[in-house]
Amino acid sequence: GFFRPETKMSWIPYRPRTVGASSFCYAVPFFWGAWPLYPLQVVCSFMSDYVMTGRDSYWHPVDRTLATFNSMYIFANAFWIIPWRQVLLLTTATFANYAISVYCIKKKRFGGYIVAHTLWHVAGGASISFLMASACGPSIFSDDCEAKFVGGIYCNCI
């Protein structure tokens with residue numbers, strides 16, 4: 001079940017470092033003000049997908065729950081910020097990798113899982129960063145920046 005701590009990956013031969021490292025891709029949207037959702041996602045993803053991968057842990061349902069919430073939140077707000085074709089492209093690029101990752105887990109294809117799950121993190125972080133940059137613009141780095149909301153997205157200043 002979705003909220004159960006049991007792993008589906010007790011068969012893995014080792015913890016994949018690229019999956020763990022790619023969890024940090026979710027930190028990039030933070031530069032535009034995606035706080036606290038994406039720094040929390042980094043922690044949950046890293047703990048679930050690297051530290052506790054292959055072992056039962058409540059990090060797994062916490063990561064799934066937060067990733068689901070963040071995905072729905074960003075997807076819903078994306079339509080306020082970018083054209084629907086871009087939303088479709090970014091969503092497809094991101095979730096295709098997730099779907100392949102799930103398939104590889106089911107079929108116990110470890111190499112495919114590593115590539116697909118790493119790309120799920122990279123594409124997700126890049127897609128959210130693109131959305132945040134589109135909403136907030138480059139002024140977040142300037143002295144005349146003003147924090148603002150665009151749709152439901154908060155743009156912070158650095």
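**Helices and cores in a predicted model**

Helix α2 has 15 residues, which at 1.5 Å a residue should span 21 Å, and because its end C-alpha atoms are 20 Å apart, the two values agree; the expected span is taken as 1.5 Å times one less than the number of residues. Helices (H or I, at least four residues) and strands (E, at least two) are DSSP runs, numbered from the N terminus. This is a predicted model, in which local features need pLDDT of at least 70 and side-chain atom pairs count only at pLDDT 80 or more, while totals for chains, interfaces and linings use all residues. Residues are numbered from 1 along each chain as its sequence is written, and side-chain values use heavy atoms, with hydrogens and water left out.

Within α2, the buried residues are Tyr-38, Gln-41, Val-42, Cys-44, Ser-45, Ser-48, Asp-49 and Tyr-50, where buried means under 20% relative accessible area, exposed over 50%, and partly exposed in between, for a 1.4 Å probe and protein chains only. These buried residues of α2 pack against α1 (17-22), α3 and α5, and contact here means heavy atoms within 4.5 Å.

Two packed helices are described by the angle between their axes and the distance between the axes. For α2 and α3, the axes come within 9 Å and cross at roughly 145 degrees; axes are lines fitted to C-alpha atoms, for helices over the stretch in contact, and angles run from 0 to 180 degrees between N-to-C directions. Among the residues that meet here are Tyr-38 and Gln-41 in α2, and Asn-70 and Tyr-73 in α3. Asn-70, in helix α3, is buried, with a relative accessible area of 2%, and, leaving aside neighbours within four places in sequence, Asn-70 is in contact with Leu-37, Tyr-38 and Gln-41.

In soluble globular proteins, nonpolar side chains tend to be buried together. A nonpolar core is a set of buried Ala, Val, Leu, Ile, Met, Phe, Trp, Tyr and Cys residues joined through side-chain atoms within 4.5 Å. The largest such core in this model has 21 residues, of which Met-132 and Cys-136 touch the most other members. Two or more residues each come from α2 (37-51), α3 (59-81), α4 (84-107), α5 (110-136) and β2 (153-155), and α5 gives the largest share, 6 residues. A second, separate core of 8 residues includes Met-9, Ile-12, Cys-104 and Ile-114.

Cys-104 is also one of the buried residues of α4, and what covers the buried residues of α4 includes α3 and α5.
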